Amino acid sequence: MPYGPHTADDRERMLAALGIDSVDELFADIPAPLRASRLDLPEPEPELELAARLEGLAARNRTDLASFLGAGVYRHWTPAAVDQLLLRGEWYTAYTPYQPEISQGTLQSIYEYESLIAELMDLDVVSASHYDGAAATAEAALMTCRATRRQRVLVSRAVHPHYSQTTQAYFGGGLEVEEIPVVADGPEAGTTDLAALERLLADSDRPVAGVVAGQPNFYGLLEPMAEIGRVAHAAGALFVAVVEPVSLAVLAPPGAYGADIAAGEGQPLGIAPQYGGPYLGLLASTDALVRQIPGRLVGMTTDLDGKRAFVMTMRAREQDIRRDKAASNICTNQALLALAASIYVSTLGPHGLRDVATLGAARAAELEAALAAVGVGRLHPGPYLNEFAIRVPRARNVHRRLLDRGVLAGLALADVEPDDAALQDALLVCATEVTTTAEIERFAAALDDILSGRPPIGTEAGAGTDDPRARERAARSTTPTGAPR
C-alpha cells in the first residue's frame, strides 16, 4: 500500500466539512494542562557533533557493576539462537493473526509457546498477548471475579508491590482488593499469614472471589502454596499463583498444588533486562476457566484437505467490537517475545532449565555465606531459591556507597515499601547462574569495608564518600579534559 500523506488543501477541506477552524478544536474537551505540547528539542546539530553528544550520554550508563539486582527482573545467559532467530524479518511486522490463511507462521509460534508454558505450569490453558507479569496478575484477579460472580480478591502482601498496585488500578466499579498480611517474626516471617487469611475468608458478608500469592514471593521466600490453595478452596474462592518461570524447573508447578490460575513475568525466559520493557505476561488456567481467560488462544486443527492448520480459538467477537462485554480489552500481540521464550525453553530443554535454576540457587547460597562471614545476615529465616533479603544498617546509604565500589547491591526495600518499618534496613539481593564467585567476593569485601568504616583501596580522595560534590571533584581529577563524564 503506497503511503499518501494528506496535503494542506486536504486538511483544509476536512476542517471545513467538520465546521471547525483547527484540529485543536477536536481536543477541546481535554483540559489544557493534560494536552500534549511541543517537544522541547535543542537546535539541529551536525551529525558528527550529535554523535559525540550521544556518546557522552551513553558513557553515563554503568556497565561495570557487579549486579545483585533481581526483584522481578533477572539476568540470565541467553543462547545465541534466541536473538539470531528473532532477527528473521518475518517476525518483525507480525500483528494479531486475524486471517489464518496468511498467518500460519505466527499462529504456530503462539501455539508452540502456549504448549510449552502449559507444560511448565502443569495447567490446561495458556493465553498470549499480556504486557507483563503485573498486567497478567491483574487479569488473573479479574478472572476470579467473573468466574465466581464475587467482587472481593485477597492479595498477599508478599506479592510484588508493582503487581499489587497494578491489580488495584485494574479494579473498579465495585470490585475490591484486600491485602493479606505476612507473618511478622519467627521461622515463617515474610510469608503469607495463613491465620490472617482464614480470618479474611471467614467474612460471609463479603465472599472472596480469589486469593493471590507468589512463589517464590517478593522477598524470595518459598510459600506454603498447597496450604494457601486448600484454605482458599474451602471458602469457595479460586487460587491464583504468581510464579517465576525458571523456578518451575525445580519447584512444584501451579497445577501440582491445585492452583486454578497462574500468572507471572516471562522476562527470565530469554528476554534481556531492559529499561522497563517490553516484557511478557504469562497467564494460564485450568480448562474449567477457559471461557474467562483473556488474550490470544491458538489451537491446532486440520483444513479441508486434511492438512495441519493453526487458528485462533475460543474467541468472542466482543473482544474487538463490543468492548463493554469483553473479558479484556488487551489487543496487543506479544508474539515476538513469546517466540523468544519458546526458543529459550526449547533450546535449553528440561535438563538445561533445571541447571539454570539449581546453579542460581547454589550461587545464592554462596552469596549468603559470604555476606554472613562479614556479619551481614538474612532478614527472614525461611527457605528461598535464589533471592533473599539481608539486614544492613542505613541500607539506602550503604546501597549508594556500594555503587562507588562497583557493586549494585540489589534493591533497597525501603524504596518500594516505604511504610514498612521492618524493611527500612533491608536490601533484597539476588544471584543467578551468571553471578560469579569473584563478584560475590567483591560484594562481601566492599560491604565489609563500608560497615567497618574503611575507605576504598586505591581511590582518590572523595571517592566512596557520601558527599556527591566530593565524588564529582574526585571524578574531575581522574577524567581527561574533554572526556564525557
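1. The model discussed here is predicted. In general, an α-helix has 3.6 residues a turn, so residues three or four places apart point the same way.

2. What covers that face? At the N-terminal end, α7 is capped by D193, from which a side-chain oxygen lies 3.1 Å from the backbone nitrogen of A195.

3. For the chain as a whole, the secondary structure comprises twelve helices and 14 strands. Of its 485 residues, 47% count as buried. Among contacts with a separation of 6 or more, 69% are between residues 24 or more positions apart. The accessible surface comes to about 25,000 Å², and carbon and sulfur atoms contribute 54% of that area.

4. Strands β3, β4 and β5 belong to an open sheet of seven strands, arranged in the order β2-β8-β7-β6-β5-β3-β4 with mixed pairing. β2 (125-127) and β4 stand at the edges with a single partner strand each, so one side of each lacks a neighbour in the sheet. From one strand to the next, the twist averages 20°.

5. Within this sheet, β7 (residues 261-265) and β8 (residues 281-285) run antiparallel and are joined by five bridges. I261 stands opposite S285 of β8.

6. A hairpin is formed by β9 and β10, with five residues between the two strands. In the turn, G306 has a positive phi of about 80°. β9 (residues 298-302) pairs with β10 (residues 308-312) in the antiparallel sense over five bridges, and T302 has R308 in β10 as its bridge partner.

7. How many strands make up the open sheet with the order β11-β14-β13? That sheet has three strands, and its pairing is antiparallel. Its edges are β11 (387-391) and β13 (411-412), each with a single partner strand, so one side of each is left without a neighbour in the sheet. β11 is joined to β14 (residues 426-430) by five bridges, the two strands running antiparallel, and R391 stands opposite A426 in β14. Helix α9 (residues 335-373) packs on the sheet and touches β11 and β14. The direction of α9 makes about 10° with that of β11.

8. The loop between β14 and α11 (437-452) contains T432. Is T432 buried or exposed? The relative accessible area of T432 is 4%, under the 20% limit, so T432 counts as buried. A polar atom of the T432 side chain lies 2.8 Å from the backbone oxygen of R75. Neighbours within four places in sequence aside, T432 is in contact with Y74, R75, H76, G360, R363 and N386.

Definitions and conventions:
Residues numbered from 1 in each chain as written. Predicted model: local features only at pLDDT ≥ 70, side-chain atom pairs only at ≥ 80, totals over all residues. Heavy atoms only, no water. Polar contact = N/O pair within 3.5 Å; in protein donor to acceptor, adjacent residues only side chain to side chain. Helix = DSSP H or I, 4+ residues; strand = E, 2+ residues; numbered from the N terminus. Buried < 20%, exposed > 50% of the residue type's maximum accessible area, 1.4 Å probe, protein only. Contact = heavy atoms within 4.5 Å. Areas by Shrake-Rupley, 256 points an atom, 1.4 Å probe, with all protein chains shown as cover. Pairing = 2+ DSSP bridges. Axes fitted to C-alpha atoms, helices over the stretch in contact; angles between N-to-C directions.
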